[in-house]
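The sequence and the structure are shown first.

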Amino acid sequence: MGTGWHEWPLMVFTVLGQFVVGGVIVMGLALIAGNLTDRQSKAVHGSMFFLWLLMGIAFIASVMHLGTPIRAFNSLNRIGESALSNEIASGSIFFAVGGLYWLLAVLKKMPPALGKAWLVLTMVLGLLFVYAMTRVYQIDTVPTWHNGYTTLNFFLSVFIGGPLLGVLLLRAAGLQVAGRGQLMMISVLALLLSLCSALLQGSELATISSSVQQASALIPEYGQLMVWRLVLLVLGLGCWICPQLRRGNASVMGLILGFVLVFAGELIGRGVFYGLHMTVGMAVAG
């Protein structure tokens with residue numbers, strides 16, 4: 001029994017990767033439809049560097065989980081057959097395509113029309129990367145993972161933390177973010193859906209067992225941990241939403257604090273996810 005913290009490299013990799021995908025979508029839409037001046041576009045591209053920095057940190061964490069970089073390369077040997085190979089390949093393609101776009105844009109070698117199409121492609125590749133992540137954990141001998149909650153929660157992380165990260169970097173670039181009300185609603189709705197998912201999954205854990213193990217006994221503190229996760233997420237999003245409602249724009253420092261709190265909250269949720277691992281030859285539900 002445990003809370004999954006021994007899998008912290010995977011926790012960092014999955015949560016950061018999902019946040020970056022959401023951030024790319026927000027910043028990409030700002031660049032495509034924001035009618036930015038050349039100066040604003042340059043500032044946004046400069047700020048976008050931190051997306052790829054975070055993605056790099058996420059991949060470093062994944063390599064730490066695998067042990068050595070050689071294992072990471074070896075894991076690509078079964079692309080199309082292995083969910084793990086597909087995850088690493090899709091993540092690498094997303095990282096490479098997005099990073100190359102950023103480099104060409106910073107060097108002013110990216111034509112505007114091509115840049116917009118390239119950004120759309122990067123967003124799509126990011127979502128495919130998250131989907132590939134979810135497939136890694138759809139293992140029929142792990143009934144606590146082999147369900148719709150895994151897919152739902154991974155995508156909800158994109159929309160809980162991604163908009164906040166995107167707005168943080170846009171504000172750091174000096175933009176007054178348009179459509180911030182819609183972005184806040186997306187994050188709040190994702191948070192509410194995530195809460196419903198946690199409640200439903202918690203109630204179903206009692207129905208999953210093997211001959212030697214009860215799923216609900218894997219993490220006895222499931223309820224308390226989910227409460228702490230909710231508190232951190234609410235506080236984090238509050239650092240973004242409350243100043244917006246009062247002043248019209250949150251400060252960069254407030255958004256940084258909010259991002260740290262949301263990241264911590266999602267790490268708790270991901271730790272619970274990994275702590276629910278149970279391998280059985282035959283699962284009994286009901």
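This is a predicted model: local features need pLDDT of at least 70, side-chain atom pairs count only at pLDDT 80 or more; totals for chains, interfaces and linings use all residues.

Residues are numbered from 1 along each chain as its sequence is written, and side-chain values use heavy atoms, with hydrogens and water left out.

**Pocket and cavity**

Rolling a probe the size of a water molecule over the atoms shows where empty space is left. On a 1 Å grid over the protein atoms alone, a cavity is a set of points where a 1.4 Å probe fits but cannot get out, and a pocket is an open set with protein on both sides within 12 Å along at least five of seven lines; lining residues have an atom within 4 Å of a point. Grid points are joined across faces, edges and corners, and a volume is the space filled by probe spheres set on the points. One cavity of 30 Å³ or more is counted by this rule.

| Space | Volume | Lining |
|---|---|---|
| Largest pocket | about 560 Å³ | 23 residues |
| Largest cavity | about 190 Å³ | 17 residues |

Nearest the centre of the largest pocket lie Asp38, Ser41, His45, Met110 and Pro112. At least two lining residues of this pocket come from each of helices H1 (8-33), H2 (38-66), H4 (83-106) and H5 (112-136); helices here are DSSP runs of H or I with at least four residues, numbered from the N terminus. The pocket lining comprises 12 nonpolar, six polar and five charged residues, where Ala, Val, Leu, Ile, Met, Phe, Trp, Tyr, Cys and Pro count as nonpolar, Asp, Glu, Lys and Arg as charged, and the others, Gly among them, as polar.

For the largest cavity, the residues nearest the centre are Asn153, Gln201, Met226, Gly269 and Phe273. Helices H6 (148-172), H7 (180-204), H8 (222-247) and H9 (252-275) each contribute at least two residues to its lining, and H9 gives the largest share, five residues. The cavity lining divides into seven nonpolar, seven polar and three charged residues.

**Salt bridge**

One salt bridge is found in the whole structure, the term meaning a side-chain nitrogen of Lys or Arg within 4 Å of a carboxyl oxygen of Asp or Glu. The partners are arginine 229 and glutamate 266, at 2.8 Å from N to O. Arginine 229 belongs to helix H8 and glutamate 266 to helix H9, so the pair ties together parts 37 residues apart in sequence. Both arginine 229 and glutamate 266 are buried (buried means under 20% relative accessible area, exposed over 50%, partly exposed in between, with a 1.4 Å probe and protein chains only).

Trp5, Trp8, Ile60 and Met64 make a nonpolar surface patch of about 450 Å²; patch residues have over 30% relative accessible area and no salt bridge, and nonpolar side chains are joined within 5 Å. Tryptophan 8, in helix H1, counts as partly exposed at 41% relative accessibility.

Lysine 108 is placed in the loop between H4 and H5. Although lysine 108 is not a glycine, its phi is positive, at about 60°; with 64% relative accessibility, lysine 108 counts as exposed.

Serine 47 lies in helix H2 and is buried at 6% relative accessibility. Its C-alpha atom is separated by 9.4 Å from that of leucine 168, 121 residues apart along the chain.

Methods:
Patches are made of residues with over 30% relative accessible area and no salt bridge: like charges are joined within 9 Å, nonpolar side chains (Val, Leu, Ile, Met, Phe, Trp, Tyr) within 5 Å. Accessible areas come from the Shrake-Rupley method with a 1.4 Å probe; for residues, only the protein chains shown count as cover.
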